[in-house]
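Visitor: I am new to this structure and would like to know what lies behind the words used for it. Please take me through them one at a time.

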Amino acid sequence: MGHLTARGHELTPKPEEADVIVVNTCSFIDPAKQESVDTIIEMGRYKTEGKAQRLVVAGCLVERYRGDIRADLPEVDAIVGTNEVDRIAAACEGLPLDAAPAEPYLYHDLSPRVFSTPRHFTYVKIAEGCDHPCTFCVIPQFRGKMRSRRFESVIAEAERLFSQGVREINLIGQDTTSYGEDLGLRDGLAALMGRLARIETPFAKWIRTLYVYPNRISPALLETIAANDSLVKYIDMPLQHASGNVLKRMKRGSNGDFFLKILERIRATIPGVAIRSSFIVGFPGETDADFEQLCQFVQAAKLDRVGVFSYSDEDTSASYHLDGKVDARTIYNRKRRLQSIQRRISRANNRKLVGREFPVLVEGPSSETDLLWEARMTTQAPEIDGVCYINDDNGLPIRPGEIRVLRVTGAHDYDLVGEIVDAPEAAPPPPAPPLFPILSSHSTALISRGQ
Ligand code: SF4
């Protein structure tokens, strides 16, 4: 979106008003692929029934099925892979595309960006690609080898974002704990987070790192998070399984006992930390006994947030060739059972918070109902964790993007309810710009699917 606006294009979320439609795709697992293809077909109709003149397909589906898209979807005029982001404007304008770039794409602090998140929080990618060999994962095939953004590039972007009114930055990458290794940095993520914490801002700021790899979490990283108020006390560490047999077949290694020790170390170093993880059920060769181990681990680990995913048998993944495939019904039942174990843990954790007060980042009116506002505690990551519903402002005005104090008055399985108990911040944060600029006659719709 940044490249397009920099070239003078105007963006619209409405495909019926666009001259060019871009479908940004995901192809990580089957449902995402299906949603991407359905959207391409749906958007293709605007070329015959609407005003659209061009249809461009971008993203991971292109990396995985470039030839198939060209052969089977004639309505598509141009394709742009994940390493060809610089070509998006030429693709939309119908210009000849340059030869494929020699280097995989990695954005920097001067790359133009348009944010699709509200102005008060955003994501900053610190690295691209992954060197791990997880057998279920196809990401390294499209994203290539791990490469880090320059340290000063990330700092410069974060300084600019905070000066523009962003309150929360979420650092992302396929494996954030490997940040800086390719630059020769030791404990690069700890150094980066420590430096980000020292950026001066007129308001409180939050910095969070997502997607850390379990055996890459260093003492320096934990100590840095513990020592800096603006580094939120939150660890997102996908573990994928707890059975040593399954983890071996996943080529991730380790086992539940080792993970419990890591959790103990995290909790001892960062008091009050919230830990999120995710697990795959139904991986090839996962026996009833392996699944029982996973259930016992989740029961013992008492994680704050858990995502449970059904194994998806991707034909280009290494695990596609493993024996012992688990049938769909068993996968469904295992997923339900693991989710119900975690639901009870989450409900009990939430009930312990009733009556306590926490800083929250106010998101704005709830998407569920006009009667409530939504906010998040530091321990609730955007778009993935539960939220806090504000049902009483106690007559104190609240604005989106403020960090305020919430007293928790009610607990649900994943969400909390509470009231605002402090006065508004001294001055309002800068107003958020509209998500999409006003339309003109040359507009581009961006439809993101399957992610
Ligand atoms: S670490 Fe994550 S991105 Fe890398 S191969 Fe494993 S699952 Fe995929």
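Guide: A residue is called buried if 20 or more other C-beta atoms lie within 10 Å of its own, exposed if 12 or fewer, and partly exposed in between. The model is predicted.

Visitor: Why is Asp187 called partly exposed?

Guide: Asp187 has 18 other C-beta atoms within 10 Å. Exposed needs 12 or fewer and buried needs 20 or more, so Asp187 is partly exposed. Asp187 sits in the loop between strand 8 (168-172) and helix 7 (188-197).

Visitor: What makes the phi of Asp187 worth a remark?

Guide: Phi of Asp187 is near 55 degrees, a positive value, and Asp187 is not a glycine. Most residues other than glycine have a negative phi.

Visitor: Which value does Asn394 have for phi?

Guide: For Asn394 phi is about 50 degrees, which is positive, and Asn394 is not a glycine either. The loop that holds Asn394 runs between strand 15 (388-392) and strand 16 (403-411).

Visitor: How do you know whether Asn394 is buried or exposed?

Guide: Count the other C-beta atoms within 10 Å of Asn394: there are 11. The limit for exposed is 12 or fewer, so Asn394 is exposed.

Visitor: What does Asn394 touch, apart from its neighbours in sequence?

Guide: Beyond four places in sequence, Asn394 touches Glu419, Ile420 and Val421. Asn394 and Ala423 are 29 residues apart along the chain, and their C-alpha atoms are separated by 9.8 Å.

Visitor: Why does His108 count as exposed?

Guide: His108 has 12 C-beta neighbours inside 10 Å. Exposed means 12 or fewer, so a count of 12 still qualifies and His108 counts as exposed. His108 is in the loop between helix 4 (88-93) and strand 5 (121-125). Leaving out residues up to four places away in sequence, His108 touches Arg149 and Ser153.

Visitor: What makes Leu95 exposed?

Guide: Leu95 has 11 C-beta neighbours inside 10 Å. With a limit of 12 or fewer, Leu95 therefore counts as exposed. Leu95 also lies in the loop between helix 4 and strand 5. From Leu95 to Ala78, 17 residues apart along the chain, the C-alpha separation is 9.9 Å.

Visitor: And why is Val23 called buried?

Guide: There are 26 C-beta neighbours inside 10 Å of Val23. Buried asks for 20 or more, so Val23 counts as buried. Val23 belongs to strand 2 (residues 20-25). Val23 and Gly59 are 36 residues apart in sequence, and 8.2 Å apart in space from C-alpha to C-alpha.

Visitor: Which residues touch the most other members of the largest nonpolar core?

Guide: They are Val56, Val57, Ala375 and Cys388, in a core of 103 residues. In soluble globular proteins, nonpolar side chains tend to be buried together. Leaving aside neighbours within four places in sequence, Ala375 is in contact with residues including Val360, Leu361, Val387, Cys388 and Leu406.

Visitor: How do you know that strand 14 and strand 15 pair?

Guide: At least two bridges between two strands are needed. Strand 14 (residues 373-377) and strand 15 have three, in the antiparallel sense, and Glu374 stands opposite Tyr389. Strand 15 also pairs with strand 17 (residues 416-420), in the parallel sense over four bridges. There the bridge partner of Asp392 is Glu419.

Visitor: What joins strand 13 to strand 14?

Guide: Five bridges join strand 13 to strand 14, and the two run antiparallel. The bridge partner of Leu361 is Arg376 in strand 14. Strand 13 (residues 357-365) is also joined to strand 16 by five bridges, again antiparallel. Pro359 stands opposite Val405 in that pairing.

Visitor: What makes up the shell around the ligand?

Guide: By class, the shell has six nonpolar, two polar and one charged residues. Among the residues surrounding the ligand are Cys130, His132, Cys134 and Asp175.

Methods:
Residues numbered from 1 in each chain as written. Predicted model: local features only at pLDDT ≥ 70, side-chain atom pairs only at ≥ 80, totals over all residues. Core = buried A, V, L, I, M, F, W, Y, C linked by C-beta atoms within 7 Å. Contact = placed C-beta atoms within 7 Å. Near = placed C-beta within 6 Å. Nonpolar A, V, L, I, M, F, W, Y, C, P; charged D, E, K, R; others polar.
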